[in-house]
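Here is a short briefing on one protein chain. Keep the sequence and the 3D view open as you read.

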Amino acid sequence: MTTTGSEQNKAPGSIAGSLSMTDRSNIRQPLWLLAELTYACPLQCPYCSNPMDFAKIKSELTTAQWVDVFKQARAMGATQLGLSGGEPLARPDIIELITEARNMGFYTNLITSGIGLNEDRAKAFKEAGLDHIQVSFQASSEDLNNLIAGTNAFQHKIDMARAVKAAGYPMVLCFVTHRQNIDQIDEILDLAINLDADYVELATTQFYGWAMHNRDQLLPMKEQLERAEAIAHEYQEKQKGNMKIYYVVPDYYEVRPKACMNGWGNVFLTITPDGTALPCHAARQLPGMALPNIRDYSIDEIWNGSTDFNRFRGYEWMKEPCRSCSEKTKDFGGCRCQAYMLTGDPAAADPVCDKSPHHHLISEAIQRGRDEANKSAGDAKPLVFRNPKNSKAISGL
């Protein structure tokens, strides 16, 4: 539902008002829509990027509302659609949503744990026009995978990875790596080879949501990363022409921040299960966010006119050293959510950057992680899992 101008005024700060054509011409329209269909998930991963208070969000968008979101985003030029969660397979209308999105011309990507998938469903997704399925694993060994997932999911994931390929999809696997599993990197890649994977993403944990809460227990040591990167490069050479391996380096060990989301409100649009529109999946936590909802405003109004989406566009908002930095057009000052979590100021330079006056916070975080890793099993801080009832010190294995 879209609102009139008078109705918009009833929600101060949510929509900045009608932008001039000149203003709009300086705003790129969204290319990538991430539809977080639900926060429901059968797994308990301690690095989950969902907000820690996700249980407070009770009202999910209906099928018709999601279809309207797809229509609006597509009309604005979005071409890529990620169906995520939580676990998107928990939505009983997932095939209907895939069908509608495909009919609109989206390239559709299902990001799943594989729980809730079976051979018949994989075939049905193919018939509905789904382009891509990414199956995630927690580890290469059954015991560790199931411990992190919180359920006996490993063998099912193996079966579903094969079912995805049998249905005619490329096999795309994602392993989220962290201190507890990164030493398995060679076993992880051997598993991917045995599954005849086409693409493998070795995605180092990004510290948002639950992962940030568990950072001391999850942050890899530098020597672990150096070994893992060397092994990944070795396998890349061996598998050239057979399997593509993407190794995502964690920015805590870099001296320049990542160009988060390719710029705030520049390419990516996230819609959460309750309809809140965000420039990135973690932005809900930032202070001063109005959090406009697609139940109240059109996507066009939100993307082009909301204070949230215009807040960190361009360079005028930047403080020093970013404002005068010659590299600001490359990294846009880094991640706003990371800057806030580490410094308390979302407009600060991302502390990952060694030009930031807060760069010492990264060094201190690395040292805290090392101190935690050196503790005995009995003294180690337990991980807080997405399902807190199962919190445990994983180093006690």
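This is a predicted model: local features need pLDDT of at least 70, side-chain atom pairs count only at pLDDT 80 or more; totals for chains, interfaces and linings use all residues.

Residues are numbered from 1 along each chain as its sequence is written, and side-chain values use heavy atoms, with hydrogens and water left out.

**Domain**
- UniProt, in an unreviewed entry, lists residues 27–238 as "domain: Radical SAM core"; such annotations may be inferred rather than shown by experiment.
- Over residues 27–238, the chain is 42% helix and 16% strand. Helices (H or I, at least four residues) and strands (E, at least two) are DSSP runs, numbered from the N terminus.
- The end C-alpha atoms of that stretch are 43 Å apart.

**Helices H4 and H5**
- The axes of H4 (residues 94–103) and H5 (residues 119–128) come within 9 Å and cross at roughly 25°. Axes are lines fitted to C-alpha atoms, for helices over the stretch in contact, and angles run from 0 to 180 degrees between N-to-C directions.
- H4 is therefore roughly parallel to H5 (angles under 35 degrees count as roughly parallel).
- Ile94, Ile95, Ile98, Thr99 and Arg102 of H4 touch Arg121, Ala124, Phe125 and Ala128 of H5 (contact means heavy atoms within 4.5 Å).

**Helices H8 and H11**
- H8 (residues 185–194) and H11 (residues 222–238) pack at about 25°, with axes 9 Å apart.
- That angle makes H8 roughly parallel to H11.
- H8 brings Ile185, Asp186, Leu189, Asp190 and Ile193 to the contact, and H11 brings Arg227, Ala228, Ile231, Ala232 and Tyr235.

**Salt bridges**
- Side chains of opposite charge can pair when their charged atoms come close.
- The whole structure has 19 salt bridges (a side-chain nitrogen of Lys or Arg within 4 Å of a carboxyl oxygen of Asp or Glu).
- Glu60 and Arg91 form a salt bridge, at 3.1 Å from N to O.
- This pair links distant parts of the chain, 31 residues apart: Glu60 sits in the loop between S1 (32–36) and H3 (63–75), and Arg91 in the loop between S2 (80–84) and H4.

- Most residues other than glycine have a negative phi, and most peptide bonds are trans.
- Gly85 and Gly86 are joined by a cis peptide bond, with omega about 20°. Gly86 is in the loop between S2 and H4.
- The bond from Glu320 to Pro321 is cis too, with omega near 10°.
- Asp196 is not a glycine, yet has a positive phi of about 60°. Asp196 lies in the loop between H8 and S6 (199–204).

Notes. Angles under 35 degrees count as roughly parallel, over 145 as roughly antiparallel, 65 to 115 as roughly perpendicular and the rest as oblique.
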